[in-house]
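Please look over the structure shown here before reading the briefing.

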Amino acid sequence: MQNKLNQKYGYKIKDWKAAGLDKPSIIKCNTQDVYKLQEPIHLFKKIGKLTTRDLEGLLVKHIKVRFFEYRKRKENEYGK
């Protein structure tokens, strides 16, 4: 669970038991995956509910990932 991809693009759920999950879990935050989930029908099933602390943490992580992806895209455009 501690691989580079999870550290860069994943948010580790802090209150996983309170969320109703069976084990520690990570939410992937890269934008490609988020855009694939445009409608609720794309979800398989609801397995829990995030606490306020985890919702806020997920939002912060998502903003950081979006900024990282934006910066990387701009560097590629300008050849840096």
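The points that follow are grouped by topic.

This is a predicted model, in which local features need pLDDT of at least 70, side-chain atom pairs count only at pLDDT 80 or more, and totals for chains, interfaces and linings use all residues. Residues are numbered from 1 along each chain as its sequence is written, and side-chain values use heavy atoms, with hydrogens and water left out.

**Helix α3**
- Helices (H or I, at least four residues) and strands (E, at least two) are DSSP runs, numbered from the N terminus.
- α3 has 27 residues and reaches 39 Å from its first C-alpha to its last, close to the 39 Å expected at 1.5 Å a residue, where the expected span is 1.5 Å times one less than the number of residues.
- Its buried residues (under 20% relative accessible area, with a 1.4 Å probe and protein chains only) include Leu-58 and Val-65.

**Two loop residues**
- Thr-51 lies in the loop between α2 (31-36) and α3 (52-78), and Thr-51 counts as buried because its relative accessibility is 19%.
- Lys-14 and Thr-51 are 37 residues apart in sequence, and their C-alpha atoms are 9.0 Å apart in space.

**Contacts**
- Contact means heavy atoms within 4.5 Å; leaving aside neighbours within four places in sequence, Lys-14 is in contact with Arg-53 and Asp-54.
- With residues up to four places away in sequence not counted, Thr-51 touches Asp-15 and Ala-18.

Notes. Buried < 20%, exposed > 50% of the residue type's maximum accessible area, 1.4 Å probe, protein only.
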